[in-house]
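Please look over the sequence and the model before reading on.

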Amino acid sequence: MRHVRRRIVRRVTRLAAVGGLLLGGTMVTQAAMASEPPAAPARTLGTSEDSVVTNPGAELVEELGTSKTAGTWIGDDGKPVVAVTDEDSAAAVREAGAEAKVVGHSMNELRAATEALRSAPTVPGTAWVLDYRTNQVVVRGDTTVSASDWSRMTETAADIGSFVRMERTKGTFTTRLNGALPILSTAGRCSAGFNVTNGSNDFILTAGHCGPDGSTWFADNQGKQEVGTSLNSTFPVSDFSLVQYADGKAGAGADIVAIGNGEGVRITGTGDAAVGQRVFRSGSTSGLRDGEVTGLDATVNYPEGTVSGLIETTVCAEPGDSGGPMFSEGVALGITSGGSGDCTTGGTTFFQPVTRALAQLGVQLIVAAPSDGAARGGGAGDGPEPSVSSTEAAAAPGSASPGSTTPVGGGAGLDLAARLTDPRTVGPGLLVIAGSLVALVATRYIRAEQDRRAYRDYYSATWG
């Protein structure tokens, strides 16, 4: 065990040196002001080795193994907490500078429980997630689940063990399709997520349930302004797809996601979400919203099919927010999949992890260039290592911010488009009612080729 402890200490020390991590310290975020110099050109970021570490407890879990651990989360003080099954492992965690919590069930046992649930007959309207903090598997059923189906699932849970907890939830688990404007097709309406590239062509990374391969997306409801075409769509099982830009390139500001009021956040890296982390979501229906990551590796049985490996959060979302980006401190974390509730009463929203989608699609995120004043991601030899973004775990989760903000640029015509599509300026209901007017303005605006290209560049800078 001593050699394991030494390796853990070295790993956490290395993370602290690379990411500026100060366990139990204070994080200072840098907000780019409206008067800052123009950003440097965007660059691409790798899919795995360049990923920002949001919780160093994950390294401890990896070292100790799933038979001796049961997950990790960010405590209220910003310090990583690791669930362990024995005192020797707890001592190793404490020596590494993290907090240990001894629990009764290992990650292997928790995962075996989810496999048992997955092998039972599927009941649409149910979901389950690993609750690291309570060392339980939580099974939730929405209002569409009948009493007989819920009773049957309760019996299955009882057979697995007392660490499976059953909960009823308000609303229904649905994908967040329909009801907003920015990208539209015959498949429905969605929000775009992050700009990505394969080195030759640029794409929008969005939700897979938004539309099957071959779906053509437009920026207006008259089908005049083509954005691109869906390909490599995966849903169910996972929930992600690419929309290839009609002319192959994302244009200026590809590293920015809009958050409303003419402002955007520069995306500086990718990372894996951590339980307890404060996160932000931007969507075309409900704008910028925030909440907390409550679980990982969640499974949701949507009416259309089952999706696994999702991030569970308390962030609200509404129809039309599907595919929109989830991020924190400028680090891309997820793509909006679905959930229950709304932004009036609150609810649960699930996200497809970005790192997993990038790895499976073989594309890279387009992020802010290293010379940019904001925090950034990158691998060894590829510019400075993450500083601001990767220190998120060093502060109380509630103090996290979306990231470095920047105005969404553009000329007078683009400012008009921003006012028409900004959900904080015009309510979602008015956006739907005013669809014809938006289409008319957009169509007239893009008559000339030069104007069409500028309009496309605006949308590439404000996906979200």
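## Basis of the model

This is a predicted model, in which local features need pLDDT of at least 70 and side-chain atom pairs count only at pLDDT 80 or more, while totals for chains, interfaces and linings use all residues. Residues are numbered from 1 along each chain as its sequence is written, and side-chain values use heavy atoms, with hydrogens and water left out.

An open sheet of three strands has the order β2-β3-β4 with mixed pairing, where strands are DSSP runs of E with at least two residues and helices are runs of H or I with at least four, numbered from the N terminus, and two strands pair if DSSP finds at least two bridges between them. Its edge strands are β2 (69-74) and β4 (99-102), each pairing on one side only. Strand β3 (residues 80-84) runs parallel to β4 and is joined to it by four bridges, with V84 standing opposite V102 in β4.

## The disulfides

Counting a disulfide as a pair of cysteine sulfur atoms within 2.5 Å, there are two. One joins C190 to C210, with an S to S distance of 1.9 Å; the torsion about its S-S bond is about -95°, so this disulfide is left-handed.
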